There are 2 protein chains.
Amino acid sequence: MIPKPSLDPERLLQELEQLATYSDTPKPAVTRVVFSPPDLEARAYLTRLCREAGLSLRADGLGNLFARWEGTAPELPAVATGSHYDAVPYAGMYDGTVGVLGGLEAIRSLQRAGFQPKRSIELILFTAEEPTRFGIGCLGSRGLAGALVPDSLRELTDSEGRSLEELRQIAGYTADLDEVLLPEGFYHSFVELHIEQGPTLEQEQVPIGIVTAIAAPASLRVTLEGRGGHAGTVLMPERRDALCAAAEIILGVEAFAKNSGSINTVATTGLCEVYPNAVNSVPSQVRLEIDVRDVDPQRRDGVIRSIIQGVEQVGTRRGIDYNVQIVNLDPPAKSGTEVLRALASACGEAGVKFKPMVSRAYHDTLFMARVCPTAMIFIPCRNGVSHRPDEYASPEDIARGTYILALALAHLSYAEDKPSEEKPGAPKDSPPIFID
Amino acid sequence: MIPKPSLDPERLLQELEQLATYSDTPKPAVTRVVFSPPDLEARAYLTRLCREAGLSLRADGLGNLFARWEGTAPELPAVATGSHYDAVPYAGMYDGTVGVLGGLEAIRSLQRAGFQPKRSIELILFTAEEPTRFGIGCLGSRGLAGALVPDSLRELTDSEGRSLEELRQIAGYTADLDEVLLPEGFYHSFVELHIEQGPTLEQEQVPIGIVTAIAAPASLRVTLEGRGGHAGTVLMPERRDALCAAAEIILGVEAFAKNSGSINTVATTGLCEVYPNAVNSVPSQVRLEIDVRDVDPQRRDGVIRSIIQGVEQVGTRRGIDYNVQIVNLDPPAKSGTEVLRALASACGEAGVKFKPMVSRAYHDTLFMARVCPTAMIFIPCRNGVSHRPDEYASPEDIARGTYILALALAHLSYAEDKPSEEKPGAPKDSPPIFID
């Protein structure tokens, strides 16, 4: 029933190269921040490609784009794939884009092979998976899944004080934010193709990873306010140095993760900003941003509690005012059994070895898992490097992942109406999101 | 022989207010970085005031300005006063400027009183006492004293890569840098009026401080390079996090100063810059700038050695590449006995209580002490606050300090030819200055 997908790997690579030219930094570095000129150029380019493939397009108020290949049973929940095409400053050209253009090529390869889908197949181009502009990752997929409610979306601003509300309207996305949330049962299943962003597949020489779970991410923003002064005249016992307090917290974050009892716990103080940041001034203010992840959300939350207690202790002992804000505290996602089965079957048909694995990076799939059963396909990337100009995935690995994706989408398109008795992988209700 | 100086405190305050308007930030914050438009406006304004007072002006290649009131014995080494008028970002309106306009008003008050100097009296307006633009403090006075040799000056650049050479020429200071160094015996003595930048005079309710010594400042630049990566995918044992290494060093800097055995040791990590500084990236690079001071240069150098050893240990243990650069390592300055005597006499004549004190902040006087005997007059500033928009010195304290300065300049103008058998307060040879 399902023909062999007829892939055009050369075209796919050319399109990846073309997409990489929409950037605010010179080649090979890619910088494409949501609603910046390169992001808008990328949207125009991708929209054109989807139209050329005969897909029908819709956009929601966040700028998420949906390109639909109508099936013979358009009334059934659709099968979806997709990823993101924004890029952090000085990133590479494969993160996200492989799932966007690979998703499109998977559809085209089925079209070329004469395949006719039963359930419609949709390609989703998510807005702003990276937290660069608005400080929170997976903006588009959070919106689709209701993990960010419209009122929270309306309060988001970038570091220059420009609101998401303003920027989306300028970009041409004027639809009501209340209509971003997907209706229940809208999708049958979702599969995302992505580079691993870690070294495992390359090291173990396995060409495909099938993601069974995504680790639960969380992030904190800590602000510290002590007392500034002249570095020469304020004696040591009189000091309330915000950077010294921050240093203790940074080391605490590291120690709590190391001592969690599991290799799967990671915690990072990725951002540290000091005021006034002058060699001859005692630092009066510091802002830290901290990332904590674990496959076990209870263990992760234990680390977060330790960090918060640590901030309180350091602040109290040093006479530093502190504020801790939980920016996000997301549940982990377990992949859907039937989607995993479709991916395993596809690998079997293609004669490709795969490795079941956990994703410690998070992806739009984490939020799509609140909407429908999901899974992810990982392909190797050189030295596990990502978010850097030298990020690289080989043409063979990209083509292989796209081929597996195409087969899986075809299978899922003909899956039973109720694909499984299972619930979506993660609880619908999300913890409150605090935005300042 | 010496008449009572005839002060015009109102005019002095108006001029301080006017000078504060030359700023890159709105009132009350003053930002005046060397060779920026506000700095050039301030130079034009101060030059005009000096001309109006009948002083003859010269400028050197660094933009140091010298305004001379010719004495009856112009062949004798002159008596000098002066300070700086640049301001760090978001500073106040009294740091430095009180000694610049107070110095000018001291001269005018003697002119009004009909005083005729024997030795000429010079007002020096130093270029760039603040390290804001070129990363090293007291640029002008270092040049005058030979603590920065012309070849080092020619290598200085700002953070945008613009060279001092280019910027001084654009500002109109085209004289040869080889002629900045003052000839031996050029000045008989130097007195600087300045706000205390500390709380002691205010707390002890003493209106005048006479500075007997200036603590020896030093600064280090530490660069750390570890390995970046995705905050979700790089496991804790694999990390080489440059910010965690920096945190240990920051706490070490604090501990070494606290444990030096003397209250007079201070050490500060004032600047911390992180790359890439994103919440979801492991920090790969950190730059720290560290300030260390003590009245005892041996003890200070012991702290510096401990810091350097600490960097080496932390870097080795964590697999972080490190580089430590000594930006400056200046000797302390002891005030000249005869200058101190002139200041004490002036306070006696004026019936003003004074306190002998050590300056832990450093000033252009630190370098003038290599040229001739020096001392400083401190006046109280509110809450010891400086380098902030709310920096404040009262009109009464400013007038009192200016009056004492005028009396002291008049006394020194008639001092014996060889003012004392003493040598200038600090050794002439300075340690090498490394500039990257």
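Contact here means heavy atoms within 4.5 Å. The model described is a predicted one. By that criterion, and with residues up to four places away in sequence not counted, His84(A) touches Asp95(A), Gly96(A), Thr97(A), Val100(A), Phe126(A), Glu129(A), Glu130(A), His194(A) and Asp364(A). This briefing covers the annotated site around that residue, the salt bridges, and the relation between the chains.

**Annotated site in chain A**

- An unreviewed UniProt entry lists His84(A), Asp95(A) and His194(A) under "binding site".
- These residues span 111 residues in sequence, yet no two of their C-alpha atoms are more than 9.7 Å apart, so they gather at one spot.
- From this set, His84(A), Asp95(A) and His194(A) belong to the lining of the largest cavity.

**His84(A) and Asp95(A)**

- His84(A) is placed in strand β4 (residues 78-84) of chain A, whereas Asp95(A) lies in the loop between β5 (87-91) and α3 (97-112) of that chain.
- His84(A) counts as buried because its relative accessibility is 0%, under the 20% limit.
- Asp95(A) is likewise buried, with a relative accessible area of 8%.
- The side chains of His84(A) and Asp95(A) are joined by a polar contact of 3.1 Å.
- Apart from neighbours within four places in sequence, Asp95(A) is in contact with His84(A), Glu130(A), His194(A), Ile195(A), Gln197(A), Ser386(A), His387(A) and Glu391(A).
- Glu130(A) and His194(A) are among the residues that touch His84(A), and both are also in contact with Asp95(A).

**Salt bridges**

- Side chains of opposite charge can pair when their charged atoms come close.
- Over all chains, the structure holds 60 salt bridges.
- Arg221(A) and Glu289(A) form a salt bridge in which the closest N and O atoms are 3.4 Å apart. This pair links distant parts of the chain, with Arg221(A) in strand β9 (residues 216-225) and Glu289(A) in strand β13 (residues 285-294), 68 residues apart.
- Arg221(A) counts as buried at 13% relative accessibility, and Glu289(A) counts as buried at 12%.
- Arg162(A) and Glu166(A) meet through their side chains in a salt bridge of 2.9 Å, N to O. Arg162(A) is partly exposed at 31% relative accessibility, and Glu166(A) is partly exposed with a relative accessible area of 33%.
- In chain B, Arg112(B) forms a salt bridge with Glu105(B), with 2.7 Å between the closest N and O atoms. Arg112(B) is partly exposed, with a relative accessible area of 36%, whereas Glu105(B) is buried at 0%.
- A network of salt bridges in chain A links Arg11(A), Glu15(A), Glu105(A), Arg108(A) and Arg112(A).

- Chain A is superposed on chain B by a rotation of 180 degrees with 0.0 Å of shift along its axis, at an RMSD of 0.1 Å. That is the relation of a two-fold axis.
- Within chain A, Ala247(A) has the C-alpha nearest the axis, 2.2 Å from it.
- The same surface serves both copies, as 96% of the contact residues of chain A recur in chain B.

Methods:
Residues numbered from 1 in each chain as written. Chains lettered and ligands numbered in written order. Predicted model: local features only at pLDDT ≥ 70, side-chain atom pairs only at ≥ 80, totals over all residues. Heavy atoms only, no water. Salt bridge = Lys/Arg side-chain N within 4 Å of Asp/Glu carboxyl O. Buried < 20%, exposed > 50% of the residue type's maximum accessible area, 1.4 Å probe, protein only. Helix = DSSP H or I, 4+ residues; strand = E, 2+ residues; numbered from the N terminus. Least-squares fit on C-alpha atoms with pLDDT ≥ 70 in both. UniProt positions renumbered as here; feature names shortened; annotations may be inferred. 1 Å grid on protein atoms, 1.4 Å probe; cavity = no way out; pocket = protein on both sides within 12 Å on 5 of 7 lines; lining within 4 Å. Polar contact = N/O pair within 3.5 Å; in protein donor to acceptor, adjacent residues only side chain to side chain.
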